[in-house]
Amino acid sequence: MKIDDSIHSLIVGAGFAGLYSLHRLRKLGLNAKIYEKGGGVGGTWYWNRYPGARCDIESMDYSYSFSKELEQEWNWKNKYGTQPEILRYIDYVCKKYDLTKDIKFNVKIISAKYVNDIQKWIVTTNLSTTVECSFLILATGNLSTPLMPKIRDRDKFKGKIYHTGLWPSKNPIFRNRNVGVIGTGSSGIQSIPIISESAEKLYVFQKTANFSIPARHTVLPKEKREKYKKDYSKFRQLARKSSFGIAKYQPPKQSAFDVTDEERNKIYQRAWDEGGQAILFTFKDLLIDRKANETACEFVRKKIKDTVEDERIAEALCPNDHFIGTKRLCLDSNYYETFNKSNVFLVDVSKNPIDRFTQDGLVVNQVEYQLDDIIFATGFNAITGSISAIDITNGEGVSLNFYWRDGPKTYLGIMISGFPNLFMITGPQSPGVKSQMILSIEQHVDFISNLILNMERKNLKEVSALEDYQDQWVKHTNTVANSTLYPLARSWYSGSNISTKRKIFMPYVGGVADYKNICDQVVNRKYKGFNFS
Ligand code: NA7
């Protein structure tokens with residue numbers, strides 16, 4: 001077999017996770033490279049360029065913490081990083097640490113096969129090249145495999161079709177055009193108000209109503225930024241000790257029923273006025289007690305009804321199928337207000353799904369909607385999608401997709417038993433998407449690079465997760481999840497947005513602080529649960 005490249009550590013993906021991995025491993029003096037399927041760096045922020053794309057965690061938190069110098073040098077302009085600003089930040093990091101020279105762009109990994117005899121992964125790419133590496137690090141992202149629902153007669157449609165997660169680099173112009181947006185998750189909710197400003201008519205096709213809270217997005221005042229920077233290490237520490245990795249959201253102490261109805265509403269009102277995720281951090285039982293959660297649901301439903309003028313539309317926009325926070329809570333700027341505009345129409349597809357495309361648009365319940373552009377804001381094969389897209393086979397010839405046929409099984413969300421020298425960054429059964437991603441990424445990259453360093457020092461060639469420990473970890477993550485309301489929702493956290501996917505709640509929701517303690521204990525006990533040879 002012709003080997004085109006031989007690398008110590010092959011990192012897949014040039015998002016926040018891949019870039020920091022490259023930086024860390026290179027600092028250890030190891031030969032590391034990134035292979036990236038896109039034409040540039042940024043991962044999810046490279047692909048999700050749709051109008052209004054913005055992080056739902058404040059920029060002072062959603063940024064790397066590994067370098068004090070970087071923290072002080074970079075000046076966020078927006079309270080929430082907008083997609084272009086986050087991409088500028090990532091470009092800045094790449095230049096500062098000279099990362100791009102070790103990244104191959106426009107290369108997609110097709111397969112990876114572990115060969116026991118040489119204790120290496122043999123990886124093939126879409127360019128028909130073959131690479132061997134000692135360690136394969138999947139920094140492939142949790143929301144990187146866009147979902148396009150199958151709707152018949154798509155080839156008949158004469159207009160343009162977009163997906164928010166595959167947005168063209170040259171922004172489409174919607175002026176004087178009739179636009180349809182399918183999907184009302186975070187991407188739909190962020191883009192709909194902006195598209196409504198230019199589109200002639202905007203039709204929103206809603207399958208399920210979602211809870212959305214005002215982001216209260218603003219520019220970030222310089223004084224506020226500088227004040228934060230002065231105390232940056234304190235805020236980073238607070239974030240690490242929190243549940244979700246966000247400094248200002250510390251675990252609440254009181255129950256929703258420790259206060260009177262009037263007091264509770266005042267607390268919700270304060271959180272609503274503050275905006276962001278604050279409402280989820282008002283009471284300790286919101287995500288574990290149905291009745292407590294319902295008080296917050298009712299508060300938000302009332303806000304929707306107070307905002308949307310047409311009673312019928314307001315009712316349709318009120319979520320009734322899940323508890324608030326159990327699906328990703330959306331943050332918006334004028335989402336509900338948009339439905340008061342005369343050029344915006346809500347099409348309820350909850351009972352009558354979109355039937356088909358026509359030459360001129362879409363048909364729902366025998367009504368044809370005339371559209372020039374159709375935008376799929378229909379989400380992703382989340383968490384496992386980009387891992388499953390690679391044909392990964394272990395030394396015994398077992399494919400990962402077969403091994404995971406009943407749902408993902410991992411040790412700490414970092415390794416998979418039977419698949420040596422293969423690491424995931426923020427994989428299933430780690431806090432990942434239920435935390436401030438960059439904090440979790442840094443923690444995983446540090447863990448993995450320290451583990452590799454430890455192996456290098458001892459001249460060890462192979463590491464794998466022990467099945468017993470993996471089983472215990474999977475059991476623990478399920479026990480923690482089942483003590484909350486999360487698994488009750490039909491969400492991409494559980495793979496419920498894909499009919500063929502095994503339904504299992506994937507993130508670890510025990511909190512980033514507890515998770516880090518568990519990982520630290522594993523390290524302190526000589527990498528308990530890992531087997532080295
Ligand atoms: P999401 O949150 O998965 O939202 C996808 C939306 O698309 C959701 O409202 C779906 O309804 C809807 N959908 C999916 N298929 C269809 C069909 N066939 N017809 C109509 N509507 C459909 O993805 P996003 O991109 O918005 O957000 C993903 C994450 O990225 C987000 O949490 C942020 O962290 C960033 P459903 O809910 O399945 O009924």
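Author: Happy to! The bend at a residue is the angle between two axes, one fitted to the seven residues ending there and the other to the seven starting there. Helices (H or I, at least four residues) and strands (E, at least two) are DSSP runs, numbered from the N terminus. The model is predicted, so local features need pLDDT of at least 70 and side-chain atom pairs count only at pLDDT 80 or more, while totals for chains, interfaces and linings use all residues. Residues are numbered from 1 along each chain as its sequence is written, and side-chain values use heavy atoms, leaving out hydrogens and water.

Now find helix α5, which spans residues 186-198. At Ile192 this helix bends by about 35°, and a proline, Pro193, follows within four residues. Both Ile192 and Pro193 are buried, and other buried residues of α5 include Ser187, Gly188, Ile189 and Gln190. Buried means under 20% relative accessible area, exposed means over 50%, and partly exposed lies in between (1.4 Å probe, protein chains only).

Next, look at strand β10 (residues 178-182) and strand β11 (residues 201-206), which pair in the parallel sense over 5 bridges. Two strands pair if DSSP finds at least two bridges between them. Val179 has Leu202 in β11 as its bridge partner. Both strands belong to an open sheet of 5 strands with parallel pairing, in the order β9-β18-β10-β11-β14. At its edges are β9 (160-163) and β14 (344-348), each pairing on one side only. From one strand to the next, the twist averages 20°. For such angles, axes are lines fitted to C-alpha atoms, for helices over the stretch in contact, and angles run from 0 to 180 degrees between N-to-C directions.

There is also an open sheet of 3 strands, with antiparallel pairing and the order β15-β16-β17. Its edges are β15 (354-358) and β17 (367-370); each has a single partner strand, so one side of each is left without a neighbour in the sheet. The twist here averages 25° from one strand to the next. Strand β16 (residues 361-364) runs antiparallel to β17, joined by 4 bridges, and Leu362 stands opposite Tyr369 in β17.

Strand β3 (residues 54-58) has 5 of its 5 residues buried, so it is largely enclosed by the rest of the structure. Strand β4 (residues 80-82) runs antiparallel to β3, with 2 bridges joining them, and Arg54 has Thr82 in β4 as its bridge partner.

Finally, compare two single residues. Thr393, in strand β19 (residues 391-393), is buried with a relative accessible area of 14%. Beyond its neighbours within four places in sequence, Thr393 is in contact (heavy atoms within 4.5 Å) with residues including Trp121 and Phe419. Glu467, in helix α15 (residues 467-482), counts as partly exposed at 43% relative accessibility. Leaving aside neighbours within four places in sequence, Glu467 is in contact with Tyr403 and Ser417.
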